[in-house]
Amino acid sequence: MDVFEQLDREYPSQTHKLDKFKELFDPLVPGDFAEFGVYNGNGARELASLDPSRTCWAFDTFEGMPQEDYSGDEDSSDPPGKWKPSAEPEALFHGIPNITAIKGRFVDTLGLVNDEVHFSLVHVDCDWYWSHRQVLEFLESHLNHGAKIVFDDWTLAGAKRAIQEWRDRVGPKVKGEGEVLVWVG
Ligand SMILES: C[S@@+](CC[C@H](N)C(=O)[O-])C[C@H]1O[C@@H](n2cnc3c(N)ncnc32)[C@H](O)[C@@H]1O
């Protein structure tokens with residue numbers, strides 16, 4: 001059993017998208033990977049496995065959904081406190097050197113990321129309106145041309161509104177519909 005299988009068994013989680021990530025990963029688009037909303041880490045581990053020479057950034061409170069970013073009805077499919085992981089990030093990613101975990105609310109952590117960090121493939125899986133809004137605003141200056149954004153929650157009311165508002169603002173810099181968008185800005 002390799003380290004990925006071992007961690008998936010020890011810390012089972014929601015995301016099972018390795019086939020999708022493999023299909024979307026274009027080695028010709030430079031840049032790191034990122035997951036926004038990590039829980040027990042399966043999605044971040046899957047992204048990291050695509051190319052060990054690229055860093056996978058894993059952003060989460062690692063303490064569950066943060067009350068401060070909850071906007072009520074449109075986010076009610078996931079209540080505050082849900083998705084508290086079974087272990088600290090050091091354990092979730094033990095033995096996978098190309099994952100960098102950034103612990104805290106997005107609003108407190110995203111601004112600390114160096115301007116030079118750019119992504120090629122990202123997974124956005126953070127359920128709520130404000131969480132999506134913060135992530136998408138951050139991504140605007142951190143995506144390489146041709147980068148793909150995979151949304152887990154594009155059908156949930158809050159997430160859907162944040163994505164639509166962002167699309168209205170960035171216009172032709174983004175192509176695609178639904179679950180996968182491509183940054184061409
Ligand atoms: C559905 S879970 C993610 C599942 C994960 N992608 C997997 O592979 O199983 C949603 C995650 O988003 C995180 N999250 C949501 N809003 C956040 C915010 N504003 N700041 C930091 N983390 C947030 C929660 O802590 C939670 O772990």
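Modeller: Before we start, two strands count as paired when DSSP finds at least two bridges between them. Helices (H or I, at least four residues) and strands (E, at least two) are DSSP runs, numbered from the N terminus. This is a predicted model, where local features need pLDDT of at least 70 and side-chain atom pairs count only at pLDDT 80 or more, while totals for chains, interfaces and linings use all residues. Residues are numbered from 1 along each chain as its sequence is written, and side-chain values use heavy atoms, with hydrogens and water left out.

Biologist: OK, strands then. How many bridges join β2 to β3?

Modeller: There are 5, and the two strands run parallel. One place to look is Cys-56, which stands opposite Ile-99 in β3.

Biologist: And how many bridges join β1 to β2?

Modeller: 4 of them, with β1 (residues 32-36) and β2 running parallel. Cys-56 turns up again here, as the β2 bridge partner of Phe-33.

Biologist: Which hand does the β-α-β unit of β1, α3 and β2 have?

Modeller: That unit is right-handed. The term means that, with the strands pointing away from the viewer, the path from the first strand over the helix to the second runs clockwise.

Biologist: Are the residues of α3 mostly buried or exposed?

Modeller: Mostly covered, as 8 of the 9 residues in α3 (42-50) are buried. Buried means under 20% relative accessible area, exposed is over 50%, and partly exposed is in between (1.4 Å probe, protein chains only). The buried ones include Arg-45 and Glu-46, along with Leu-47 and Leu-50.

Biologist: Changing topic: how many salt bridges?

Modeller: 13, taking a salt bridge as a side-chain nitrogen of Lys or Arg within 4 Å of a carboxyl oxygen of Asp or Glu. In one of them, Lys-17 meets Asp-152 at 2.6 Å, N to O.

Biologist: Where do Lys-17 and Asp-152 lie?

Modeller: Lys-17 is in the loop between α1 (3-10) and α2 (18-24), and Asp-152 is in the loop between β5 (143-151) and α7 (157-170), so the pair ties together parts 135 residues apart in sequence. Lys-17 is buried at 12% relative accessible area, while Asp-152 is partly exposed at 32%.

Biologist: What does Lys-103 bridge to?

Modeller: Glu-63, with the closest N and O atoms 3.6 Å apart. Lys-103 is in β3 (99-103) and Glu-63 in the loop between β2 (56-60) and α4 (89-92), so that pair joins parts 40 residues apart in sequence. Glu-63, Glu-88 and Lys-103 are linked in a salt-bridge network.

Biologist: Now the rings. How many aromatic pairs?

Modeller: 12. The pair Tyr-39 and Trp-83 is edge-to-face, at 5.1 Å centre to centre with 65 degrees between the planes. Tyr-39 lies in the loop between β1 and α3 and Trp-83 in the loop between β2 and α4, so the pair ties together parts 44 residues apart in sequence.

Biologist: What are the cut-offs for rings of Phe, Tyr and Trp?

Modeller: Those rings (the six-membered one for Trp) pair if their centres lie within 6.5 Å; planes under 30 degrees apart are stacked, over 60 edge-to-face, and the rest tilted.

Biologist: Which residues form the aromatic cluster?

Modeller: Phe-36, Trp-57, Phe-59, Phe-106, Phe-119 and Phe-138.

Biologist: Last one: what lies over the face of Tyr-129?

Modeller: Arg-161, at 3.8 Å from the ring centre. The rule is NZ of Lys or CZ of Arg within 6 Å of the ring centre and within 35 degrees of the ring normal. Tyr-129 itself is buried, at 3% relative accessibility.
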